[in-house]
Amino acid sequence: MVERLLSVMQVATMLGVSRHTVYSWVSQGRLPIVKVGRRTMFQPAEIERWIGERSRRERSRSAL
């Protein structure tokens, strides 16, 4: 089954940040994207993985 892609606005809402922040992170190469024509889209599983990586980093930093 093909996973539905998320829009910039959906990812911004999911992460609790603005669309501008999402676009900024995309231009910095921080967020994994899928280009569909000229649209910037996101795979939900990749965004979830990205969130998990950051939360693991934060937990290991706070343990120091």
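**Notes on the model**

1. Leaving aside neighbours within four places in sequence, threonine 40 is in contact with Val8, Val26, Ile33, Val34 and Lys35 (contact: heavy atoms within 4.5 Å). Threonine 40 belongs to strand 2, residues 39–41. Its side chain also makes a polar contact of 3.1 Å with the side chain of lysine 35. A polar contact here is a pair of N or O atoms within 3.5 Å; within protein, one must be able to donate a hydrogen and the other to accept it, and residues adjacent in sequence count only if both atoms are side-chain atoms. Threonine 40 counts as buried because its relative accessibility is 14% (buried: under 20% relative accessible area; exposed: over 50%; partly exposed: in between; 1.4 Å probe, protein chains only).

2. On provenance: this is a predicted model, in which local features need pLDDT of at least 70 and side-chain atom pairs count only at pLDDT 80 or more, while totals for chains, interfaces and linings use all residues. Residues are numbered from 1 along each chain as its sequence is written, and side-chain values use heavy atoms, with hydrogens and water left out.

3. The protein chain has three helices and two strands, in the order α-α-β-β-α from the N terminus. These are DSSP runs numbered from the N terminus: helices are H or I with at least four residues, strands E with at least two. Of the chain's 64 residues, 25% count as buried. Among contacts between residues at least 6 apart in sequence, 47% join residues at least 24 apart.

4. The largest nonpolar core has 11 residues: Leu6, Val8, Val11, Ala12, Val22, Trp25, Val26, Leu31, Phe42, Ile47 and Trp50. Helix 1 (8–15), helix 2 (19–27) and helix 3 (44–62) each supply at least two residues of this core. Such a core is a set of buried Ala, Val, Leu, Ile, Met, Phe, Trp, Tyr and Cys residues joined through side-chain atoms within 4.5 Å. Not counting residues up to four places away in sequence, valine 11 touches Leu6, Val22, Phe42 and Ile47.

5. Which residues of helix 1 are buried? They are Val8, Val11 and Ala12. Seen down the axis of helix 1, the buried residues fall within an arc of 100°, so they line one face of the helix (the arc is that of the directions from the helix axis to the C-beta atoms). Just after helix 1, glycine 16 has a positive phi of about 70°.

6. In helix 2, the buried residues are Val22, Trp25 and Val26. Viewed down the axis of helix 2, they fall within an arc of 105°, so they line one face. The face of helix 2 turned away from the buried side carries the exposed residues His20 and Ser27. Glycine 29 follows helix 2 and has a positive phi, near 80°.

7. How many salt bridges does a search of the whole structure find? It finds two, a salt bridge being a side-chain nitrogen of Lys or Arg within 4 Å of a carboxyl oxygen of Asp or Glu. One joins the side chains of arginine 49 and glutamate 46 at 2.5 Å, N to O; both residues lie in helix 3, three residues apart, about one turn of the helix. Arginine 49 is partly exposed at 42% relative accessibility, and glutamate 46 is partly exposed at 26%. Arginine 54 and glutamate 53 also meet through their side chains in a salt bridge, at 3.2 Å, N to O.
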